[in-house]
Amino acid sequence: MRWWARSRLRTKIFLAFSALILAVLLATLWITQFVISRQIQSTLQQELLTTGQVFQQLLRERAERLRTNSTLLAGDFALKKVMAPASDYDAETLASVALNYQQRIGVDLLWITDEEGRLRADATGKLQSGQSVASLFPLAEALRTGEAATAISEVSGTLFQLVVVPVLGPDVIGFLLLGQEINNTLAQQLEKDTGSQVSFLTQTQLFASSWSLLAQ
């Protein structure tokens with residue numbers, strides 16, 4: 001430190017003030033960055049909270065419509081007659097009935113199962129009748145309780161909001177499962193309502209997104 005001892009007083013004062021100014025600048029930058037980071041984090045959390053609330057409200061409205069439609073269908077005498085164990089209707093006729101109901105109420109998915117969760121008709125024609133879909137939630141819950149159930153589940157690579165209701169005659173003779181797809185249109189609607197980009201995905205699959213680059 002001999003150079004410091006030989007330095008002039010003016011030089012020492014200049015260096016001391018320079019070091020002080022540099023320390024103040026660094027501290028100011030750190031505080032500014034910290035404050036901005038906290039503000040950004042707070043803003044993002046608020047946006048996520050708002051988006052989540054809008055999404056939950058939208059799901060509740062969709063679930064209520066699905067539940068209302070499915071309950072009305074489950075009480076239809078013609079459907080109960082088709083689903084009755086002693087019915088003379090064949091699988092093709094039951095599939096035609098399912099398609100008619102799907103088109104009438106405007107849902108993306110409509111299944112008719114027996115009382116054990118075996119598929120009797122798929123309105124889309126994608127699944128063969130006779131196969132068990134009892135493990136699909138919420139059907140598994142409806143089979144366990146004998147009551148209506150709602151859930152979001154993946155079906156053949158597509159994400160759906162599903163509602164299941166039992167069909168009574170007077171005992172449970174089967175179940176109706178109705179679903180609305182969670183797709184890019186829903187994600188874009190959420191973005192419009194909240195101002196945030198929205199995507200529905202898992203670690204391995206993207207189901208829907210409002211971001212055009214991801215949605216392609």
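Guide: In this predicted model, Arg144 and Glu141 both belong to helix H5 (residues 139-145), where they stand three residues apart, about one turn of the helix.

Visitor: What do the side chains of Arg144 and Glu141 form?

Guide: Side chains of opposite charge can pair when their charged atoms come close. Here, Arg144 and Glu141 meet in a salt bridge, at 2.7 Å from N to O. Arg144 is exposed, because its relative accessibility is 63%, whereas Glu141, at 24%, counts as partly exposed.

Visitor: How many salt bridges are there by this rule?

Guide: The count comes to three. Arg118 pairs with Asp114, their closest N and O atoms being 3.0 Å apart, and also with Glu116, at 2.5 Å from N to O.

Visitor: Is Asp114 buried or exposed?

Guide: Asp114 is buried, because its relative accessible area is 10%, and buried means under 20%. Arg118, at 34%, is partly exposed, and Glu116, at 46%, is partly exposed.

Visitor: Which residues line the largest pocket?

Guide: Rolling a probe the size of a water molecule over the atoms shows where empty space is left. In this case the largest pocket holds about 160 Å³ of space. Its lining includes Trp111, Lys126, Phe160 and Glu181. Strand E1 (109-113) and strand E4 (158-168) each give two or more residues to that lining. By class, the lining has five nonpolar, three polar and four charged residues.

How values were computed:
Residues numbered from 1 in each chain as written. Predicted model: local features only at pLDDT ≥ 70, side-chain atom pairs only at ≥ 80, totals over all residues. Heavy atoms only, no water. 1 Å grid on protein atoms, 1.4 Å probe; cavity = no way out; pocket = protein on both sides within 12 Å on 5 of 7 lines; lining within 4 Å. Points joined across faces, edges and corners; volume = space filled by probe spheres on them. Helix = DSSP H or I, 4+ residues; strand = E, 2+ residues; numbered from the N terminus. Nonpolar A, V, L, I, M, F, W, Y, C, P; charged D, E, K, R; others polar. Salt bridge = Lys/Arg side-chain N within 4 Å of Asp/Glu carboxyl O. Buried < 20%, exposed > 50% of the residue type's maximum accessible area, 1.4 Å probe, protein only.
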